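I opened my notebook to go through one protein with you, page by page. Have the picture beside you as you read.

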Amino acid sequence: MSKVKYYYDPDTLSYRKIEPEKSKRYRNIAFFILGSCLFGFLALILLLNTNLVNTPRELSLSREVKNYELQYELLNKKMEQIEEVLGNIEDRDNNIYRLYFEANPIPDEQRKAGFGGINRYKSLEGFNNSEMIVSTTKRLDIIKKQMAIQSKSLDEITKLAEEKEKLLMSIPAIQPINNEDLKRMASGYGWRSDPFTKARKMHYGMDFTAPKGTPIYAAGDGKITRADNNSSGYGKHIRIEHGYGYLSLYAHLSQYNVKKGQKVKRGDLIGFVGSTGRSEAPHLHYEVWKDNDRINPMNFYYGSLSPEEFENMLKFANQENQSLD
């Protein structure tokens with residue numbers, strides 16, 4: 001309730017009540033209403049720009065954004081684990097697998113290179129968390145590229161391994177006659193006395209003395225290129241093309257067990273000992289060729305002889321005795 005005001009009237013020597021003007025009263029009411037509206041408007045703006053009052057949708061979106069941030073953080077931790085495992089695989093690939101198969105290592109610059117050219121991440125820019133999203137996406141793209149490079153490298157290693165296995169099986173690496181079938185190793189690779197002329201002559205193979213009909217085995221995987229009696233001095237003989245520049249020759253046979261064009265595996269029975277051609281007694285003359293040059297077969301017996309047997313054979317092979325062909 002508003003206070004009543006009075007003033008002193010000297011004419012009547014009494015106090016009179018002050019009556020406010022109606023226009024002033026209306027003006028005061030108008031100012032009050034205007035001030036209240038202005039205050040209410042400012043208060044509303046202030047509330048809308050603070051977190052004190054949020055709509056249910058805004059609260060839901062806020063929770064969703066926080067959840068996305070958490071998921072991105074977890075994703076980055078998983079990518080760290082993937083990068084660690086991938087780095088270990090890459091290290092073994094370069095320093096073990098590729099080294100073993102004599103393949104050039106893949107440089108880190110190639111494995112971990114980004115993507116040049118246009119901005120691949122422009123569509124991810126302009127948001128509150130753009131930096132985090134772009135960084136994570138770039139990291140994921142690089143990991144995917146690393147995995148693609150590593151996958152191709154392992155495919156290459158697989159092919160090299162298959163080729164290496166094929167090479168190892170193709171090299172003539174076993175003695176063509178079993179030890180229990182041998183009478184003796186008559187002559188080795190080197191200068192020997194010719195049995196017919198008695199002159200000193202280069203002997204390009206090894207002579208294994210064995211009874212006629214003793215089995216002869218393929219020294220490595222390959223293809224029969226000759227099984228005939230059309231080469232001077234060798235009599236009935238077999239030639240096996242092993243690939244990779246290797247060829248093995250088996251001479252003075254009594255009988256064939258294969259024919260031209262046939263594929264054989266290491267250890268397959270290919271023929272039998274005889275004394276055909278330029279031969280003094282039943283034996284197998286055995287040669288190994290590499291890139292069209294005849295080399296010492298002693299270097300290739302790692303597949304069938306024990307160290308003691310190899311040492312014993314080496315002793316006889318180095319004796320400059322008389323050959324049998």
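These are my entries, from the whole chain down to single residues.

**Entry 1: the whole protein**

I began by noting that this is a predicted model. I then looked up the inventory and found 5 helices and 15 strands. The protein has 325 residues, and buried ones make up 31% of them. Among contacts between residues at least 6 apart in sequence, 65% join residues at least 24 apart.

Next I turned to helix α1, which covers residues 22-48. Ile-29 sits in this helix. Is Ile-29 buried or exposed, or something in between? I found that Ile-29 is partly exposed, because its relative accessibility is 42%, and that class lies between the cut-offs of 20% and 50%.

**Entry 2: the coiled-coil record**

I looked in UniProt and found that an unreviewed entry places a "coiled-coil region" at residues 58-92. What does the model show over residues 58-92? I read 100% helix and 0% strand there, with the end C-alpha atoms 51 Å apart.

Helix α2 spans residues 56-100, and Asn-76 lies in it. I stopped at Asn-76 for a moment. This residue counts as buried because its relative accessible area is 16%, and the cut-off for buried is under 20%. Which residues does Asn-76 touch, leaving aside neighbours within four places in sequence? I listed Thr-136 and Arg-139.

**Entry 3: strand β13 and its partners**

Then I went to strand β13, residues 269-273, where 4 of the 5 residues are buried. I looked for the strands that pair with β13. Strand β7 (residues 215-217) pairs with β13 in the antiparallel sense over 3 bridges. Strand β11 (residues 253-256) is also antiparallel to β13, and 3 bridges join them.

**Entry 4: strand β8 and its partners**

I traced strand β8, residues 222-228, in the same way. With strand β12 (residues 263-264), β8 forms an antiparallel pair over 2 bridges. Here Gly-222 has Val-264 of β12 as its bridge partner. With strand β9 (residues 237-243), β8 is joined by 5 bridges, again antiparallel. In that pairing I found Asp-228 opposite His-237 of β9.

**Entry 5: Tyr-246**

My last stop was Tyr-246, in strand β10 (residues 246-251). Tyr-246 counts as buried, since its relative accessibility is 13%, and buried means under 20%. What is in contact with Tyr-246, beyond neighbours within four places in sequence? I wrote down Ile-171, Pro-172, Ile-240, Glu-241, Trp-289, Lys-290 and Phe-300.

Pro-172 and Tyr-246 are 74 residues apart in sequence, yet their C-alpha atoms are 7.7 Å apart in space.

Note on methods. Residues numbered from 1 in each chain as written. Predicted model: local features only at pLDDT ≥ 70, side-chain atom pairs only at ≥ 80, totals over all residues. Heavy atoms only, no water. UniProt positions renumbered as here; feature names shortened; annotations may be inferred. Buried < 20%, exposed > 50% of the residue type's maximum accessible area, 1.4 Å probe, protein only. Contact = heavy atoms within 4.5 Å. Pairing = 2+ DSSP bridges.
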